[in-house]
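Hi,

Here is the structure I promised to pass on. Have a look at it first, then read my notes below.

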Amino acid sequence: MPRAAAAVKRSATAALEGAAKDRALKSAKLAALAAAAEVPSQAFEPELEWCRPAFDLLDFLGDSLPPACVDMLRAAAPHALDAKVHERHAYQTAVIDSLARLCAEALKSHRAAVASAEAAVSTLLQDKERAAEQLAAATREEEAKREAKGVAATTSKSAEEVVAATRQVMESARKKLEEVESLAHIVSEAKVGFEKEIEETWMPLKAGAFPPKEWRARQKAIARASGLLAQAGVPESLAAAVPLALKEAVAARTDFVGTVIEHAEMALHEHIASITSQIEEQQASIDSQTQVIVAAEGEAKAAEAELDATMQACIDAENTWVDADAVVRDVTAAIAGFGKKGEQLDAELAASKASLDKLQSLVGGFEGLRDVTEAQPKDAAAEPLKDISAEEPEEKPADSAGQPPAECSAEAAADGLPVEAPEAAAVDA
């Protein structure tokens with residue numbers, strides 16, 4: 001019984017010593033990994049060529065990660081991936097799981113970018129279809145407005161012709177009225193002058209008002225009276241007899257002289273009646289022309305009002321057509337811009353797909369390393385990876401032994417990467 005107790009005690013002591021040794025080795029390995037994290041990106045030893053897929057993946061993901069974390073992962077990845085799947089301890093598994101999670105997030109982001117680019121291309125195609133429909137509708141509208149503009153212009157031109165015609169009729173009527181009025185004025189003055197001559201010459205001669213001693217005045221009056229008879233258009237026989245009859249004194253006048261004077265006076269009155277009739281006809285013509293002018297003025301006003309309306313309609317039709325034509329030009333310009341935008345979106349989609357394909361290829365290479373069940377092949381000429389777990393590290397202060405640099409630990413924690421204390425790593429080992 002005492003021997004068995006001693007054996008148990010020795011076994012427990014050996015186990016404690018082994019655990020302490022493992023913790024020391026783990027601390028040394030973490031220190032080595034932290035030192036390796038300071039190596040510049042894309043730099044690795046020839047013996048790590050087998051790990052190039054993981055390095056290429058980290059280079060691809062480098063833009064979305066802090067540089068220190070990328071360098072730390074580049075240093076830790078070979079050691080994590082070099083171990084067989086069933087021989088990896090918890091920290092190695094955590095490093096690989098972190099890489100796998102980064103791959104999943106990157107794939108998700110790239111697929112979303114591809115989907116977004118495809119949606120943009122699809123939206124552009126829909127916009128192009130809608131724009132084509134809008135252009136067809138706008139073109140039909142523009143054609144209709146152009147036709148309406150032409151009709152309005154024709155109507156306005158016809159209205160202008162009507163206005164010109166009515167104005168011409170009105171001006172013609174006014175000129176004719178002026179002519180009639182002028183003629184009526186002349187005839188009226190002629191009548192007044194004729195009647196005045198009768199009063200000044202014929203009536204004194206008929207009454208025998210000129211004494212014998214004023215025979216020269218009487219002869220002048222007879223000459224003027226003969227002029228009146230000539231205006232009245234009396235026969236030549238009567239015109240020749242009147243001067244002789246008027247020379248006779250009233251008391252010496254015979255019946256024949258009385259008959260001559262009577263017929264002459266009758267001719268003078270008939271001429272006055274004829275002039276009066278002409279004046280009345282001219283007045284009727286004046287009244288008629290006045291009515292024609294009034295009617296023409298009314299038609300001209302109506303035609304001008306119609307012209308104003310048609311001109312306004314023509315202006316409105318022109319403005320409406322201008323708006324419709326502007327829509328056609330705007331839609332046409334928008335459609336023209338679809339070509340350049342389409343090329344840009346196609347290029348973005350192609351770039352997104354290429355980036356996704358590249359990432360999927362890199363992820364495939366990483367997964368090939370992650371899922372191997374045998375040790376990674378090494379270059380025969382290259383020095384094999386050192387298993388720092390088999391070496392005895394130098395004793396370091398308890399507060400820094402096996403710890404990666406603080407900035408890498410903080411950045412790794414921020415990115416969800418595993419950062420373990422030496423004790424925890426020893427336990428996992």
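Of the 429 residues in the protein chain, 34% count as buried; buried means under 20% relative accessible area, exposed means over 50%, and partly exposed is in between (1.4 Å probe, protein chains only). Before you go further: this is a predicted model, where local features need pLDDT of at least 70, side-chain atom pairs count only at pLDDT 80 or more, and totals for chains, interfaces and linings use all residues. Residues are numbered from 1 along each chain as its sequence is written, and side-chain values use heavy atoms, with hydrogens and water left out.

The accessible surface of the protein chain is about 25200 Å², and 56% of that belongs to carbon and sulfur atoms. Those areas come from the Shrake-Rupley method with a 1.4 Å probe, and for residues only the protein chains shown count as cover.

What is the chain built from? Helices (H or I, at least four residues) and strands (E, at least two) are DSSP runs, numbered from the N terminus. Among contacts in the chain with a separation of 6 or more, 83% are between residues 24 or more positions apart; contact means heavy atoms within 4.5 Å.

Now for a pair of helices. Two packed helices are described by the angle between their axes and the distance between the axes. Helix 2 (residues 52–61) packs against helix 7 (residues 255–370) at an angle of about 140°, and their axes are 8 Å apart. The axes are lines fitted to C-alpha atoms, for helices over the stretch in contact, and the angles run from 0 to 180 degrees between N-to-C directions. This crossing of helix 2 and helix 7 is left-handed, a label used if the near helix is turned anticlockwise from the far one by less than a right angle (right-handed if clockwise).

Which residues make the contact? From helix 2 come P53, A54, D56, L57, F60 and L61, and they meet S355, K358, L359, L362, V363, G365, F366 and L369 in helix 7. These residues divide into 10 nonpolar, two polar and two charged. Here Ala, Val, Leu, Ile, Met, Phe, Trp, Tyr, Cys and Pro count as nonpolar, Asp, Glu, Lys and Arg as charged, and the others, Gly among them, as polar.

Some of those names come back in the largest nonpolar core: of its 38 residues, L57, L61, L81, L359 and F366 touch the most other members. A nonpolar core is a set of buried Ala, Val, Leu, Ile, Met, Phe, Trp, Tyr and Cys residues joined through side-chain atoms within 4.5 Å. Helix 2, helix 3 (67–82), helix 4 and helix 7 each supply at least two residues of this core, and its largest share, 14 residues, comes from helix 4. Apart from this core lies another, of 23 residues, among them W202, F210, V242 and A267.

Then go to C103, which sits in helix 4. Is C103 buried or exposed? C103 counts as buried because its relative accessibility is 3%. Beyond its neighbours within four places in sequence, C103 is in contact with L57, V363 and F366. C103 and Q360 are 257 residues apart in sequence, yet 8.8 Å apart in space, C-alpha to C-alpha.

For contrast, F256 of helix 7 counts as exposed, because its relative accessibility is 61%. V169, in helix 4, is partly exposed at 45%.

Last stop, helix 6 (residues 236–247): its buried residues are L238, A241, V242, P243, A245 and L246. Their cover includes helix 4 (90–207), helix 5 (215–232) and helix 7.

Cheers
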